[in-house]
Amino acid sequence: MDEFNRYAIYWAPESGALARMTAAWLGWDPDSGMAVAQPDLGVPLADLTSDPRRYGFHGTIKAPFRLAEDVSRGELSAALVRVCADAAPVVLTGLQLRQIERFLALTPEGDAATLTALAARVVQHLDPCRAALTDAEIARRRPDRLNPRQRELLATYGYPHVMEQFQFHLTLSNNLTEVEAAMLRPHAERLFLPLLPRPFRIDSLCLFGEARDGFHLLERHALTG
């Protein structure tokens, strides 16, 4: 029996300074599948990053989903290999640190239309591998708070923030109060800004699997189209 109950397609940094820093910041390394000691910054970093910790540092391309009953992990992997072989790398201006609503995140600078198109292609290509949402899963998405188009996308693709509603971001914190954001942001700026790539190149996508302890990076596939 597969040890992973859900799968997702994410962008994640390859081994290097940014991957090491983000793993330490969140306290979880999805590549090794192990907890990482967080730095002592004089702020309650563990408490302020508890929500994104189990997911690891990533940018969502296709949000977590259960496999359809007649689809194996191997078939999902093969489908991802095919779409990556046909998709070209995406090159963006860079990354920037922003506050989105109440959480800190890294987001692309400039026009991200090519990334939105890549994500839409992956979502459509892999959606036959996804199990239909249960009533409980639909309720967790709070459809009453979604706009009509997002409710339509939720019904079609199991996630409301896809296609033209997609916004690529790399989450760095829980939802924060104004005081918490003011306390945490200077540390994020000091640690991350020197490491942010310019340009920001997405030339691979990763298959992640969710186990009891968190999300694990299972496979990485180059974009070679």
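Trainee: At what angle do helix α1 and helix α8 pack, and how are they oriented to each other?

Mentor: In this predicted model, α1 covers residues 17-26 and α8 covers residues 178-192, with their axes 11 Å apart. The packing angle is about 155°. Angles over 145 degrees count as roughly antiparallel, so α1 is, relative to α8, roughly antiparallel.

Trainee: Is the crossing of α1 and α8 left-handed or right-handed?

Mentor: The handedness describes how α1 passes α8. For this pair the crossing is right-handed.

Trainee: How many nonpolar, polar and charged residues form the contact of α1 with α8?

Mentor: From α1, the residues L18, M21, T22 and W25 take part. They meet L184, H187, A188, L191 and F192 of α8. By class, the residues of this contact are seven nonpolar, two polar and no charged.

Trainee: What distance does helix α5 reach from its first C-alpha to its last, and which of its residues are buried?

Mentor: Helix α5 spans residues 113-126, which is 14 residues. At 1.5 Å a residue, 20 Å is expected, and the helix comes close to that with a reach of 20 Å. Its buried residues are L115, L118, A119, A120, V122, V123 and L126.

Trainee: Is Q167 buried, partly exposed or exposed?

Mentor: Q167 belongs to the loop between α7 (148-157) and β8 (170-171). Its relative accessible area is 43%. Buried would require under 20% and exposed over 50%, so Q167 is partly exposed.

Trainee: Which residues does Q167 touch, not counting those up to four places away in sequence?

Mentor: P39 lies 128 residues from Q167 in sequence and 29 Å away in space, C-alpha to C-alpha. With the residues up to four places away left out, Q167 touches R98 and I100.

Key
Residues numbered from 1 in each chain as written. Predicted model: local features only at pLDDT ≥ 70, side-chain atom pairs only at ≥ 80, totals over all residues. Heavy atoms only, no water. Helix = DSSP H or I, 4+ residues; strand = E, 2+ residues; numbered from the N terminus. Expected span 1.5 Å × (residues − 1). Buried < 20%, exposed > 50% of the residue type's maximum accessible area, 1.4 Å probe, protein only. Axes fitted to C-alpha atoms, helices over the stretch in contact; angles between N-to-C directions. Parallel < 35°, antiparallel > 145°, perpendicular 65-115°, else oblique. Left-handed = near helix turned anticlockwise from the far one by under 90°. Contact = heavy atoms within 4.5 Å. Nonpolar A, V, L, I, M, F, W, Y, C, P; charged D, E, K, R; others polar.
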